[in-house]
Amino acid sequence: MDSRPRPLIATDDPRLLDDLLRLASAASVEVDLARTVDRAMRLWARAPLAVVGTDLSSALRTADPPPHPRLAVVCRGGAGENGRREGLFLLPRDEDELVGLFSEATEADATPAPTLAVVGGRGGAGASLLTVALALAGERAGLRTALLDTDPLGCGADVYLGCEGLEQPTGWGDLLHRNGRMRWRDLSARLPSTSHVSVLTWTRGSGGERPLPVGAVRAVLASARSGADLVVADLPRSFDPATQVVLNHADLLFVVIPADVPSVVAATRMADRLREEAPVVRAVVRGAGGELSAEVVAGTLRMPLGADLPPEPGLARTLAAGQAPGRRPRSPLGRFADRVVAALPQPRPVP
């Protein structure tokens, strides 16, 4: 049973109640109802938001409940009425503001989920493999993980995870014009997923022709950070506005660089900008050896070394068999991903 506090709607006006339930549904929020002052008083202190109809507001004041930090008194009226007393909302004029209050009420005390971003120092560096490995490490830790595949030219993280069989899944192409609030619980139900990982990627035949709209990425990222326990993002090698949004919000950015001269040269073209956009950047060097050690690669890029990853045993066979890279916790990718996830702040408790 879900025991999380829910916003309170207190009114005995049927028309006003219908309106308020419609607004709560638009915000994807479940509410508690009170048609009497006594029931409102029982739910008052627990509710993160109290929305009270003017039909009960006077009687409720007489009952003298403790001051509520988020109180909205609502009445129905003509759209042309001007002015508003403090805390008094008029329908239908203030519907959008009330939808925002309902949405914020369930998110106000939530700590955003840790967000990890991965980008390749060059094309084909293995950033997607590391992204999938981090998501699987989140799954092994029992974390509800949001995997945001924002690279329109990749094969799709759902293919690596083997969860691309969902009929008519939601992809980035369905969200290009979304820039408002959305609840991760509702969005993730329509995404390809494993037991704990939900993947938002491009559906087959879409993407590639233009960068993602910044509004859609900002809305999805906010939804995932408020509704999941861990967010992992696979980024394209670009600095379009949508990619910058993810870089700016990432708690930790991993730059994957194969240990060869062409890869290091390519990565140097991005290094300064990545340090500028992301708060914490770490180099993940793959296949280092000889004079071009992982320390030399990281030093050349002026990035702290996050990992020196040896070649992944049997990687070609793993991919050819349709198995997810990093699923085996004893593999180099799996061990590194588990260490990263274990070092993250503990997720907020979920009832």
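This is a predicted model: local features need pLDDT of at least 70, side-chain atom pairs count only at pLDDT 80 or more; totals for chains, interfaces and linings use all residues.
Start with the backbone. Most residues other than glycine have a negative phi, and most peptide bonds are trans. Serine 28 has a positive phi, near 60°, and is not a glycine. Serine 28 sits in the loop that links helix H1 (14–26) with strand E2 (32–34). Arginine 302 also is not a glycine, and its phi is positive at about 55°. The loop between helix H11 (294–301) and strand E12 (305–309) holds arginine 302. With a relative accessible area of 54%, over the 50% cut-off, arginine 302 is exposed. A cis peptide bond runs from leucine 91 to proline 92, with omega near 10°. Proline 92 belongs to the loop between strand E5 (88–91) and helix H4 (95–105).

Next, a charged side chain. Aspartate 240 lies in the loop between strand E9 (230–234) and helix H9 (241–249). Aspartate 240 is buried but forms no salt bridge. Its nearest side chain of opposite charge is arginine 273, 9.3 Å away. The aspartate 240 side chain does make a polar contact, at 2.9 Å, with the side chain of threonine 243.

Arginine 282 is in strand E11 (residues 281–286). Its relative accessibility is 29%, so arginine 282 counts as partly exposed. Valine 256 is 26 residues away along the chain, and the two C-alpha atoms are separated by 8.8 Å.

Finally, helix packing. Helix H5 (residues 127–140) and helix H13 (residues 332–342) have axes that come within 8 Å. The axes cross at roughly 60°, so H5 and H13 are oblique to each other. Their crossing is right-handed.

Terms used: Residues are numbered from 1 along each chain as its sequence is written. Side-chain values use heavy atoms; hydrogens and water are left out. Helices (H or I, at least four residues) and strands (E, at least two) are DSSP runs, numbered from the N terminus. Buried means under 20% relative accessible area, exposed over 50%, partly exposed in between (1.4 Å probe, protein chains only). Lys and Arg count as positive and Asp and Glu as negative; His and the chain ends are not counted. A salt bridge is a side-chain nitrogen of Lys or Arg within 4 Å of a carboxyl oxygen of Asp or Glu. A polar contact is a pair of N or O atoms within 3.5 Å; within protein, one must be able to donate a hydrogen and the other to accept it, and residues adjacent in sequence count only if both atoms are side-chain atoms. Axes are lines fitted to C-alpha atoms, for helices over the stretch in contact, and angles run from 0 to 180 degrees between N-to-C directions. Angles under 35 degrees count as roughly parallel, over 145 as roughly antiparallel, 65 to 115 as roughly perpendicular and the rest as oblique. A crossing is left-handed if the near helix is turned anticlockwise from the far one by less than a right angle, and right-handed if clockwise.
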